[in-house]
Amino acid sequence: MYLTAEEEKILNRESGEAPATAMRLLVTMGEVFDADRLIPIKSAQISGISYKTIGDAGLEFIQDFSRLGAKTSVYTSINPTGMDLDDWKEIGIPEDFAINQKKIISALNDIGVESTCTCTPYLLENIPKYGDHLAWAESSAVIYANSVLGAMTNREGGPIALASAIIGKTPLYGFHIKENRKPTISIDVQDELKNELDFSLLGFYIGKKVSGEIPLINLPTGFINNIFLKTLGAAMATSGGQAIYHIKDITPESKDFKQEKLREKITVKRYDLNETKESLSQEIDPDIVFIGCPHCSIEEIEEISEISRGIRFVKKLYVCTSRHVWKIAKSKGYIDKIEKAGGRVLKDTCMVVTPLERMGISRVMTNSSKAAYYLPTLCKSKACLRDLKGCMNYAIDRN
Ligand code: F3S
């Protein structure tokens with residue numbers, strides 16, 4: 001891979017040990033994927049932040065980087081942590097876990113990373129623009145950035161995203177090249193999709209069915225918004241590892257590939273979504289209702305606050321969002337409304353990356369296919385799926 005004179009100097013430790021280590025990681029990655037050179041990025045996003053998922057080995061890796069004097073050179077955000085950094089005691093996070101989680105955040109802050117603690121960095125102020133190159137790691141954020149915003153990022157591993165944050169560059173390969181973003185398969189959805197759960201189930205079905213392909217989805221007419229697109233992509237990235245999709249006449253790059261010859265046409269019917277739901281959802285009496293996978297937008301919190309008006313939740317309700325959206329929701333009175341009704345709005349975390357099993361929670365209701373998929377494997381918790389209204393009705397005990 002070609003390196004500029006300045007990049008060679010960094011590799012040869014002339015800027016210190018930390019940038020040299022980061023550059024070595026990027027060069028190794030670039031050579032594996034046959035990249036020509038490095039390109040500048042607008043931002044980085046690092047996953048693998050929860051002490052639950054990375055443990056002591058991950059903590060030491062980040063601390064080692066920090067001790068070497070590493071500093072980010074572009075805006076860098078991070079994924080959710082294992083707890084609400086302010087209100088961890090109230091939700092039953094064990095003290096030993098909290099101590100280690102805070103060490104991870106502290107080491108990242110020393111490197112220059114912002115404590116955004118969210119999987120929806122595209123809902124913060126620093127929204128990527130069409131054509132921006134990024135080095136993002138969170139799979140649901142990567143697919144949203146590529147598909148909905150038309151920004152360009154590979155699905156980076158945590159260490160590579162950190163190395164890119166330090167150097168401010170990433171190897172030029174994969175989804176940084178327009179040619180590699182072309183759809184390869186056509187998906188024809190034949191029944192109308194009604195809500196966020198339908199989009200989540202569709203994403204999971206497509207991912208499973210066409211893993212490794214780039215789908216061009218043809219939707220029947222009907223209402224669509226960014227909440228639906230975020231849950232569609234999160235589910236697709238979970239079951240199929242997709243980093244990009246296109247929706248005819250909706251996502252920005254779909255018009256660029258109108259002439260492409262696609263290999264196959266797959267039709268999706270209501271029956272396929274019902275079957276997908278059955279495969280992910282168990283018959284249980286949930287301990288909690290969890291909304292916010294991926295993290296809730298302000299519109300979702302507003303909707304939940306409207307439902308909360310004048311009622312009392314009799315089941316535990318945890319709504320998860322970013323610290324940024326939480327502050328806006330607080331200023332608009334949404335948080336107070338939800339919490340007055342007995343729900344909790346947590347920031348910095350989600351139920352999949354908290355130590356649920358140590359909090360006495362083993363049965364979760366959610367409206368997210370991604371959460372329903374990971375809860376049994378990562379949290380030893382059973383999961384059941386309903387749409388937002390169904391989840392709220394359960395929490396209010398209306399059924
Ligand atoms: Fe985000 Fe947690 Fe879901 S990190 S995408 S809310 S599993």
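**Pocket, ligand and cavities**

Mentor: Gladly! By class, the lining of the second largest cavity has four nonpolar, three polar and no charged residues. Keep in mind that this is a predicted model. That cavity has a volume of about 30 Å³, and its lining is made up of S43, A44, Y75, S77, P121, N126 and W136. Two strands, β2 (43-46) and β3 (75-78), are the elements that give two or more residues to this lining.

Next, the largest cavity. The structure holds two cavities of 30 Å³ or more, and about 70 Å³ of space lies in the largest one. Its lining consists of E196, I227, K230, T231, I291, G292, C293, P294, C296, E300, N367 and S368. Here the elements that give two or more residues are α8 and β10, and β10 supplies the largest share, five residues. By class, this lining divides into five nonpolar, four polar and three charged residues. Domain 2 (182-278) and domain 3 (281-396) each contribute at least three residues to the lining of the largest cavity.

Now to the ligand. The space it takes is the largest pocket, which has a volume of about 440 Å³. This pocket is lined by 23 residues, and N79, E138, V352, V353 and K370 lie nearest its centre. The elements that give two or more residues to the lining are α5 (139-149), α8 (226-240), β10 and α13 (369-379). Among them, α13 gives the most, with three residues. Sorted by class, the pocket lining has twelve nonpolar, eight polar and three charged residues. Domain 1 (5-178) and domain 3 (281-396) both give residues to this lining, so the largest pocket lies between them.

Finally, let us look at the shell around the ligand itself. The ligand is surrounded by P80, C119, E138, S140, G292, C293, P294, C350, V352 and K370. Of these, E138, V352 and K370 are also among the residues nearest the centre of the largest pocket. Strand β10 (residues 288-296) provides the largest share of the shell, three residues. G292, C293 and P294 surround the ligand and also line the largest cavity. By class, the shell has six nonpolar, two polar and two charged residues. Like the pocket lining, the shell involves domain 1 (5-178) and domain 3 (281-396), each with at least three residues.

Technical notes. Residues numbered from 1 in each chain as written. Predicted model: local features only at pLDDT ≥ 70, side-chain atom pairs only at ≥ 80, totals over all residues. Heavy atoms only, no water. Near = heavy atom within 4 Å. 1 Å grid on protein atoms, 1.4 Å probe; cavity = no way out; pocket = protein on both sides within 12 Å on 5 of 7 lines; lining within 4 Å. Sits in = over half its atoms within 2 Å of the grid points. Helix = DSSP H or I, 4+ residues; strand = E, 2+ residues; numbered from the N terminus. Nonpolar A, V, L, I, M, F, W, Y, C, P; charged D, E, K, R; others polar. Domains from an automatic or database assignment. Points joined across faces, edges and corners; volume = space filled by probe spheres on them.
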